[in-house]
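Open the model in your viewer and keep the selection panel at hand.

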Amino acid sequence: MTAHPALALVDAVADRLTHPDTAPIGPRATDWRRQSLAHGLPGIALLHIERAALDLGPWQRAHDWLAAASRTPFTSGADSHLFYGAPAFAHALACAADHLPGSYQRALDLLDRQMAADVCRRLGAAHRRIDAGHLPALAEFDAIRGLSGYGAYLLRRNPGSTALRTVLDYCVRLTEPISHDGEPRPGWWTGTGPSGRPDGRFPGGHANNGMAHGIGSILALLSLAARHGTLVDGHHEAVRTILAWLDRWQEETGPAWPYWVTQEELRTGRADPSAPRRPSWCYGTAGLARARQLAALALGDTAGQVDAEKALVAALTDSAQLTATTDMGLCHGFAGLAHVVERVAADAHPSTIGQLRGVIPVLLATVHPPSTDPVTATTGLLEDGGPGLLDGAAGIALALLAPSTAAPPRSAWDACLLIA
């Protein structure tokens, strides 16, 4: 069978990022790059780990990137999260260790203990905040910086652990209503803007719907845990609460979901039609469609599953939403869309699987047009987004692997995205 042309781009990116001493890593501070899963060494290591797991490249490349990342101690505690510091390195190391029995075990044991302590502290602070009736910060619960990101790691490392159950208990509690200025709000309502900082454009705060920074990550974590058989009290009710919220704000055009809901929108019951509607992983239809599909699978809701899958097909055949997609990256670009679609298609209902797989070739051709020189294309990707995971060349290459081969990832590298 002839290899898909996009795999040539994957190979070219991997070759440009062969070794951390020769790769174009960029001008960011060395320690920041070393510890960042989103933009630095651990994320680039994931590309070489996945290729080695697929027998497409040598393990030595993965070892070299992991070794470079671990030259000095990692940040832990309040300044770390799944995409920075000790948890970021732990995710990459665990992906490699899954395929190399006995390797990295001492380091992983140490990291797991550190992360368990961090989770315990974060949960204590979160429950005290809820007890006091205060609004959460996005960084308390989101996938990038918060407890749903930690939950993603715990789920793949030990899905039956007490630590994971305590995170799930918190997720359930987060879905309970909270009072703000004397009015009821969803429990994930935050008093800041989407950046997590005070923002005059969001008087009274907002409810974030995204996968990267919003309630989409909580829905995905609860649903993935349920599919693994790990359930806590109120688990399914919490999933249904989030689904009901998303149903309330689903727009018929697209269909699509607003990135967030402001206080004024909550008051009027209508979302701003001029707000952005890019169908990406981080915000928009792609990530939420996957989360909704996972929820439906967890609940045994075939109609809900089909609706979620059809929403994704509609988004990726909607010129308005596609026009809003302007880059190739994993986080909010065409490569990320291709990867999410492949993940959705792998679990899809027979009535939608053909439609889902039908959009993948167009997405792949957008990232790597036919007859494009992969070496030249790699140079462009590195110049546009750098070498990293979320926005850069390594993430694009990783995202192309599964849809190019119609096979799921071997290393669970995308567990950090809460889509599998």
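Begin at the second largest pocket, where the lining divides into 5 nonpolar, 3 polar and 4 charged residues. Here Ala, Val, Leu, Ile, Met, Phe, Trp, Tyr, Cys and Pro count as nonpolar, Asp, Glu, Lys and Arg as charged, and the others, Gly among them, as polar. This is a predicted model: local features need pLDDT of at least 70, side-chain atom pairs count only at pLDDT 80 or more, and totals for chains, interfaces and linings use all residues. Residues are numbered from 1 along each chain as its sequence is written, and side-chain values use heavy atoms, with hydrogens and water left out.

**Stop 1: the pockets**

The second largest pocket holds about 200 Å³ of space. Select E251, T253, A256, P273 and R277: of its 12 lining residues, these are the closest to the centre.

A pocket is an open set of points on a 1 Å grid over the protein atoms alone, with protein on both sides within 12 Å along at least five of seven lines; a cavity is a set where a 1.4 Å probe fits but cannot get out; lining residues have an atom within 4 Å of a point. Grid points are joined across faces, edges and corners, and a volume is the space filled by probe spheres set on the points.

Now go to the largest pocket. Its volume is about 320 Å³. Which residues lie nearest its centre? Select P194, A212, H213, C282 and Y283, which are among 17 lining residues. By class, that lining has 9 nonpolar, 4 polar and 4 charged residues.

**Stop 2: the cavity**

The structure holds 1 cavity of 30 Å³ or more. The largest cavity has a volume of about 30 Å³. Select E342, R343, A346, A402, P408 and P409 to see its lining. Four classed as nonpolar and 2 as charged make up this lining, with no polar residues. Helix α16 gives the most to it, with 3 residues.

**Stop 3**

Helices (H or I, at least four residues) and strands (E, at least two) are DSSP runs, numbered from the N terminus. Axes are lines fitted to C-alpha atoms, for helices over the stretch in contact, and angles run from 0 to 180 degrees between N-to-C directions.

For the contact (heavy atoms within 4.5 Å), select residues including F334, L337 and V341 in α16, and I353, L356 and I360 in α17. By class, this contact has 15 nonpolar, 1 polar and 2 charged residues.

**Stop 4: α10 and α13**

Select α10 (residues 215–227) and α13 (residues 285–299). Their axes come within 8 Å and cross at roughly 35 degrees. This crossing is left-handed. Among the contact residues are L219, S223 and R227 of α10, and L288, R292 and L297 of α13. The contact has 10 nonpolar, 2 polar and 2 charged residues.

**Stop 5: α4 and α5**

Finish with α4 (residues 59–69) and α5 (residues 86–97), packed at about 155 degrees with axes 11 Å apart. They are therefore roughly antiparallel. α4 passes α5 in a left-handed crossing. Select W59, L66 and A69 of α4, then F89, A92, L93 and A96 of α5. This contact has 7 nonpolar residues, with no polar and no charged ones.

How values were computed
Left-handed = near helix turned anticlockwise from the far one by under 90°. Parallel < 35°, antiparallel > 145°, perpendicular 65-115°, else oblique.
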